[in-house]
Amino acid sequence: MPRISRRITNHLLKKNQLLPLLYRDNRISELAESDLRILKSHILQHASLKNSPTRQFKYLKSLCERRARAEPLEHIIGTAQFYDVEILSGRGALIPRTETESMVMRLCDDLKNYHFVNKKRRRNLGNSFRVLDLCTGSGPIALLMAKQLYELDLPYGFRILGVDVSESALKLATRSLEYNIKKGILPKEARRDVGFRQGDVLNPEPSIYGDGEDRGLNHLGKSEVHDEIKSFFVNECQVDYGPMVDIVIANPPYISANGYWEDTERSVRLYEPEIALVPPEKRPDNIADDVLREDIFYPAIEEFATYFKSKAIIFETGGDKQSSRVKAMLESRGWETGTWKDYRGIHRNVVGWRKETGWNWLLLPSKDGMSYD
Ligand SMILES: C[S@@+](CC[C@H](N)C(=O)[O-])C[C@H]1O[C@@H](n2cnc3c(N)ncnc32)[C@H](O)[C@@H]1O
């Protein structure tokens with residue numbers, strides 16, 4: 001890593017003696033200043049340091065030194081703000097990104113502005129509204145959706161299930177749920193309405209209840225993860241027909257092996273799990289050979305959406321090219337599709353819905369002015 005010039009160091013030192021440490025990793029002085037503000041307010045929360053400016057400074061300096069070694073700010077302070085929920089942060093899971101926050105908020109705003117304005121749809125055939133968040137990580141999508149859906153006060157409520165293969169990520173998700181309840185950000189009913197389960201979406205373990213054959217939604221038997229999903233969503237209101245899930249949403253690993261080395265920052269490679277970013281080299285048997293390694297989660301997740309008769313599917317992707325491949329894959333499997341652009345004009349999300357659901361509101365212009373196709 002190139003040395004920081006004496007001119008820049010002097011400029012930073014004039015403002016604060018700790019700023020050069022915070023500048024070392026990201027090389028943007030505004031970011032270094034913002035990190036310093038956040039770290040200062042973080043140490044003020046430590047009651048034990050309250051009356052000791054010397055100990056406060058020593059502690060602040062130790063945090064700045066960790067940041068200088070490229071440790072993400074969210075790991076140092078322990079949480080990441082994800083719109084209006086807080087997600088516990090640590091080496092076991094990806095730190096949630098702003099692109100993901102925008103996807104969730106766009107979906108929730110559109111549900112509010114277009115979908116649930118229809119009274120029949122609000123009643124959702126007498127069932128709770130059901131969201132399946134595959135590759136949930138530390139649970140940011142599930143928890144932010146929960147926060148937003150509580151505000152809608154749906155007649156039959158909602159259920160959100162997050163599934164991930166990583167035990168450490170799921171521990172953070174479960175602790176994040178409790179953390180948000182304790183802070184009063186989510187109500188205590190969230191313990192009932194939001195769940196997290198371990199499961200491998202690429203290679204689901206065969207179910208102990210059956211021979212791997214799909215014997216319909218009311219029976220267990222396809223795979224262990226399918227069974228877990230069914231048991232979570234089934235309740236006494238569940239009718240014998242119709243979708244078991246309303247929306248499947250996923251931000252899966254989607255970076256190519258080369259992209260991981262060429263495009264990700266050092267701090268990402270040092271502190272965030274590779275399994276959260278790059279799909280495995282060994283592809284599952286049911287994924288065609290011509291599917292690029294970075295795309296393999298999308299068809300696997302689509303199979304879950306089809307199995308659970310989801311009305312819609314929302315994906316985050318790496319950008320324009322991947323979005324157009326994922327869109328084509330969904331169309332070839334009978335979905336109506338569209339894409340959403342992010343604030344930089346990149347096609348960042350692919351949305352799909354079944355024609356008979358009439359969910360083409362997914363392509364109406366977002367009311368917050370975000371562009372779309
Ligand atoms: C890009 S991260 C997304 C995390 C979180 N949903 C978010 O948006 O911040 C992808 C997640 O997929 C999980 N994952 C990787 N392989 C998986 C698999 N085979 N089955 C289920 N989850 C998997 C990783 O553990 C990681 O948490």
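Colleague: Quick one to start: does Ala 300 count as buried or exposed?
Modeller: Ala 300 counts as buried, because it has 23 C-beta neighbours inside 10 Å. The cut-offs are 20 or more other C-beta atoms within 10 Å for buried, 12 or fewer for exposed, and partly exposed in between, with C-beta atoms placed from the backbone. Keep in mind that this is a predicted model: local features need pLDDT of at least 70 and side-chain atom pairs count only at pLDDT 80 or more, while totals for chains, interfaces and linings use all residues. Residue numbers start from 1 along each chain as its sequence is written.

Colleague: Thanks! Which helix is Ala 300 found in?
Modeller: Ala 300 sits in α14, a helix covering residues 297-307. Helices here are DSSP runs of H or I with at least four residues, strands are runs of E with at least two, and both are numbered from the N terminus.

Colleague: And what is Ala 300 in contact with, leaving aside neighbours within four places in sequence?
Modeller: Val 201, Leu 202, Pro 284 and Ile 287 are the contacts of Ala 300 once those neighbours are set aside. Contact means that two C-beta atoms, placed from the backbone, lie within 7 Å. Asn 203 is 97 residues away from Ala 300 in sequence, yet their C-alpha atoms are 9.0 Å apart.

Colleague: Let's zoom out. How many helices and strands does the protein chain have?
Modeller: The protein chain has 15 helices and nine strands. Its division is into domain 1 (6-69) and domain 2 (98-363), with bounds taken from an automatic or database domain assignment. The C-alpha centres of the two domains are 38 Å apart.

Colleague: Now the inside: how many residues are in the largest nonpolar core?
Modeller: That core has 71 residues, and Leu 134, Met 145 and Ile 314 are among those with the most contacts inside it. Helix α8 (residues 140-150) gives the largest share, seven residues. A core here is a set of buried Ala, Val, Leu, Ile, Met, Phe, Trp, Tyr and Cys residues joined through C-beta atoms within 7 Å.

Colleague: Why is α8 described as largely enclosed?
Modeller: Ten of its eleven residues are buried, so α8 is largely enclosed by the rest of the structure. One of them, Met 145, is in contact with Val 104, Cys 108, Val 131 and Ile 160, leaving aside neighbours within four places in sequence.

Colleague: On to the ligand. Which residues come nearest?
Modeller: Of 21 residues around the ligand, Cys 135, Gly 137, Ser 166, Asn 251 and Ala 276 come nearest. A residue is near if its C-beta atom, placed from the backbone, lies within 6 Å of the molecule. The shell has 14 nonpolar, five polar and two charged residues. Nonpolar covers Ala, Val, Leu, Ile, Met, Phe, Trp, Tyr, Cys and Pro; Asp, Glu, Lys and Arg are charged, and the others, Gly among them, are polar.

Colleague: Where does Cys 135 lie?
Modeller: Cys 135 is in the loop between β3 (129-134) and α8. Its phi is positive, about 65°, although Cys 135 is not a glycine. With 24 C-beta neighbours inside 10 Å, Cys 135 is buried.
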